[in-house]
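Dear colleague,

I am handing over the structure we spoke about, and below it you will find a short account of what came out of it. Please read the account with the structure open beside you.

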Amino acid sequence: MDSRVPSALELPQRLGPDPRDSPKSPGGGKQYLLSSMAAVQTLASVVRPCYGPHGRQKLLVTTRGETVCTGHAAAILRALDLGHPAARFLREAAQTQAEISGDGTTFMVLLTEALLEQAEHMLKAGLPRSQLREAYATATAEVLNMLPSLAIRSLGPLEDPTWALHSVMNTHILSHADYLTRLVAQACWASKELDGSFKPEHIGVCTLRGGALEDSCLLPGLAMSGKLCGQVATVLSGARVALFACPFGPSSPNAPATICLTSLDDLVKFRKESEQILEQQVALLAAADINVAVVWGGIDERTLALADKYGIMVIQANSRREIVYLSEVFGTPLLTGLLPPQEPGRCQKVYRQELGEGSTVVFEWECTGSPAITLVLRGATVEGLRGAQQAVYYGIDAYFQLCQDPRLIPGAGATEMALAKMLTDKGRKLEAPNGPAFLAFARALRSLPKTLAENAGLAASDVMAEMCGDHQLGNFLIGVGAEGKINVAQERVWDTLRVKAQGLRAVAEVVLQLLTIDEIVVAKRNPTHQQTLNPGSENTKLRPPPTRKKILRKNK
């Protein structure tokens, strides 16, 4: 072994206390060896209060001035305007993790911060970066090897998934979690293929204001909260759907064309020709067998009357998201003019379904491979519906992960505590650099259940001491609950093994990448390029061009 590398006995003495307890420098801020440390800590401080089932929510004011109340880390990170490149790098990795597995955004950010803090501590103790990266990679591989040994439950192929989805959805919803979990479980079970495969896109989610969350229900097919216009309210068979991202009527008044009318006869003629054009367009739709038109835009009364004449059902979408989802499901494009599509969307029937004081429009299929069911969420506020909708998506993604790997591991921080205990036992037997790196990784894992205890309003130090004692005795089912430590098997709090493994791999990749960054260099902006981009700025107007300066000098 190289004599310059600290031994297993020397390095822990040089490490000293936990890095969280180190005092600040006289200048008022900490001096970091890792250039990304401060940005990662700031990002983690934003999402830390949202971690776990007892996490708090934040009021976000978007760039459009909209106020959003949410406790979902993915939405919070997406709304932040980040200037530090390391923070943007971590956000991108966390969002990728959320897109792949549906969950684990906060877990990834907090564990990345904890591992970087431990890395900073070991770098100050004299451990070279190259050896620290290798040791962290070894510790990550060891954690991933130990993780499957903690799986003690599996979801059977014919088993009701409600118990497995409850802990996932309970983390992201404030009330009626049991009822909503049962609905999600029923929807997942109903849309499962005969060969056991499951496609999340076969479950639609529709939000409808009015009523309460317990009024939510399941509807066959795909439902949308659109407005039904005109007299045609039902297509019972052979529905052929066209989607329009434009007004259902004359062209927009903001069109660049300008009409010059010189007399009353010209006005009458123009109006008559416009009506003829509209009738020809609607007639073309009818000739192409289009009997359902979904519109994201205004509805003209005259054009609507023509649609009624030709038996075309007209639906006005409430949002662009709804009509884009319909385009993806039907496989037909969004049209910017009243022309028939080359390949219309097809389904069996389209009808209106009354739900209390509100109503939805349902598209129903009879063939396989199409959306099988829609979960209609009811609620009094937009924020409540948004939170319930996000919880439903988490539940659907969790079931998809369980279809890939049905194994479940203890939740509520029990898995992190068990992994930390196993890493500690093994790290004490190893020499530097692997031994200290294993111990540092274990300390980073313990920070996650500590955060759960803090967010639940508990005495974190006391809870952690009790949990450490239980895990030392081999009881790795002890986690953090609302009133203290709990047995996760009795409380039925689980995490999916596949998501946890993906999160650990993603965290390791980000940490190892950030450890290689020595300095963050921001290129200086070219002032000439800025003037070219902003030719009308005040500085450009006040500064005469170079040719003008030469002329003035010659005159002098």
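**What was found**

The accessible surface of the protein comes to about 28600 Å², and carbon and sulfur atoms account for 51% of that surface. Please bear in mind throughout that this is a predicted model. Of the 556 residues in the protein, 45% are buried, and the chain forms 20 helices and 20 strands. Among contacts between residues at least 6 apart in sequence, 75% join residues that are at least 24 apart.

One part to look at is an open sheet of four strands, which run in the order E6-E15-E14-E8 with antiparallel pairing. Its edges are formed by strand E6 (222-224) and strand E8 (234-235), each of which pairs on one side only. Strand E8 is joined to strand E14 (residues 349-355) over two bridges in the antiparallel sense, and Thr234 has Tyr351 of E14 as its bridge partner. Helix H11 (residues 320-330) packs on this sheet, where it touches E6 and strand E15 (358-364), and the direction of H11 makes about 160° with that of E6.

Terms used. Residues numbered from 1 in each chain as written. Predicted model: local features only at pLDDT ≥ 70, side-chain atom pairs only at ≥ 80, totals over all residues. Heavy atoms only, no water. Buried < 20%, exposed > 50% of the residue type's maximum accessible area, 1.4 Å probe, protein only. Contact = heavy atoms within 4.5 Å. Areas by Shrake-Rupley, 256 points an atom, 1.4 Å probe, with all protein chains shown as cover. Pairing = 2+ DSSP bridges. Axes fitted to C-alpha atoms, helices over the stretch in contact; angles between N-to-C directions.
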